[in-house]
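Good morning, and thank you for making time for this presentation. I would ask you to keep the sequence and the structure in view while I speak.

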Amino acid sequence: ETGVTQSPTHLIKTRGQQVTLRCSSQSGHNTVSWYQQALGQGPQFIFQYYREEENGRGNFPPRFSGLQFPNYSSELNVNALELDDSALYLCASSFYTGSTEAFFGQGTRLTVV
Amino acid sequence: AQSVAQPEDQVNVAEGNPLTVKCTYSVSGNPYLFWYVQYPNRGLQFLLKYITGDNLVKGSYGFEAEFNKSQTSFHLKKPSALVSDSALYFCAVRDNPGTASKLTFGTGTRLQVTL
């Protein structure tokens, strides 16, 4: 176990709705990143938070947003859900220094119908 | 832009035989390279990383990887495969650790180990 926990594990939403996914980082880690893994694909970087600020974003529209809290836990919010948003959403925590690896949670499976 | 290629969608090997899962990368600077494994309905588990130093990196569960700068490759290897190694394997790269670090993943290689 990595110590990174995500909730919920599964979620079904209707197109156009909004969703919030949650992540608790591994103890001591100060950086959290979110990834989207579509079926049959590798994870795609959404964004990263360090010290409660976004400091890197992948090729995702603004309707994907996030928060990082003082205890380093994090939320991923997706507005105006589309069918293509159906995927496994992975949270990863790490130290900000570049040589360390990221530890992933078990993911949240989002299905948009 | 950084990228990773995993040329094989699936690798089949008999238990007890050596295995290799291939990965090539493209980065603008010095690469930080990683291998992760994913079991069904699970997140990613870290196996090993190359940052600097010895080109042969040893990781978890008996896996190792060889960094080859001239061939821009980072192949995952294991001397003797187990049925329990069957899973989805991802190679990932990070090329600018001083800024917003993000991992770029390959598309994954499914390893199937049979008796």
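Predicted model: local features only at pLDDT ≥ 70, side-chain atom pairs only at ≥ 80, totals over all residues.

A residue is called buried here when its relative accessible area is under 20%, exposed when that value is over 50%, and partly exposed in between. By that criterion, buried residues account for 51% of the 113 residues in chain A.

Let me begin with chain A as a whole. Chain A contains zero helices and eleven strands, and from the N terminus its elements run β-β-β-β-β-β-β-β-β-β-β. Its radius of gyration is 13 Å, close to the 13 Å that the globule rule gives for 113 residues, so chain A is as compact as a globular protein of that length. Along the principal axes, the C-alpha atoms of chain A occupy a box of roughly 40 × 30 × 25 Å. If we take the contacts in chain A between residues at least 6 apart in sequence, 52% of them join residues at least 24 apart.

I turn to chain B. Here we find zero helices and twelve strands. Of the 115 residues in chain B, 50% count as buried. Among contacts in chain B between residues at least 6 apart in sequence, 56% link residues at least 24 apart.

S73(B) lies in strand β9, residues 73-78. Is S73(B) buried or exposed? Its relative accessibility is 3%, and because the limit for a buried residue is 20%, S73(B) counts as buried. Which residues does S73(B) touch, leaving aside its neighbours within four places in sequence? They are C23(B), T24(B), Y25(B), E66(B), F67(B) and N68(B).

Next, the salt bridges. Side chains of opposite charge can pair when their charged atoms come close. Over all chains, the count comes to eight salt bridges, and I shall discuss some of them.

Within chain A, E75(A) pairs with R22(A), with 3.5 Å between the closest N and O atoms. This pair links distant parts of the chain: E75(A) sits in strand β8, residues 74-78, and R22(A) in strand β3, residues 19-24, 53 residues apart. E75(A) is buried, with a relative accessible area of 15%, whereas R22(A), at 43%, is partly exposed.

A further salt bridge in chain A joins R63(A) and E82(A), whose closest N and O atoms are 3.3 Å apart. R63(A) is in the loop between β6 and β7 of chain A, and E82(A) is in the loop between β8 and β9, 19 residues apart. Of this pair, R63(A) is buried at 17% relative accessible area, and E82(A) is partly exposed at 39%. R63(A) and E82(A) also belong, together with D85(A), to a network of salt bridges.

That leaves the interface. How many residues does each chain contribute to the contact? Chain B provides 22 residues and chain A provides 24 residues. The size of an interface is often given as the accessible area lost when the parts come together. Here, chain B and chain A bury about 1700 Å² between them, with 51% of that area on carbon and sulfur atoms.

Between the two chains there is one salt bridge. It is formed by E101(A) and K49(B), the closest N and O atoms being 2.7 Å apart. E101(A) lies in the loop between β9 and β10 of chain A and K49(B) lies in strand β6 of chain B, so this pair joins two chains. E101(A) is buried, with a relative accessible area of 15%, while K49(B) is partly exposed at 27%.

On the side of chain B that touches chain A, the strands β5 (32-38), β6 (44-50) and β10 (87-94) each supply at least two residues. The most comes from β5(B), with four residues. By type, the residues on this side of chain B divide into eleven nonpolar, seven polar and four charged.

Key: Residues numbered from 1 in each chain as written. Chains lettered and ligands numbered in written order. Heavy atoms only, no water. Contact = heavy atoms within 4.5 Å. Buried area = accessible area lost by both parts, 1.4 Å probe. Salt bridge = Lys/Arg side-chain N within 4 Å of Asp/Glu carboxyl O. Nonpolar A, V, L, I, M, F, W, Y, C, P; charged D, E, K, R; others polar. Buried < 20%, exposed > 50% of the residue type's maximum accessible area, 1.4 Å probe, protein only. Rg over C-alpha atoms; globule rule 2.2 N^0.38 Å.
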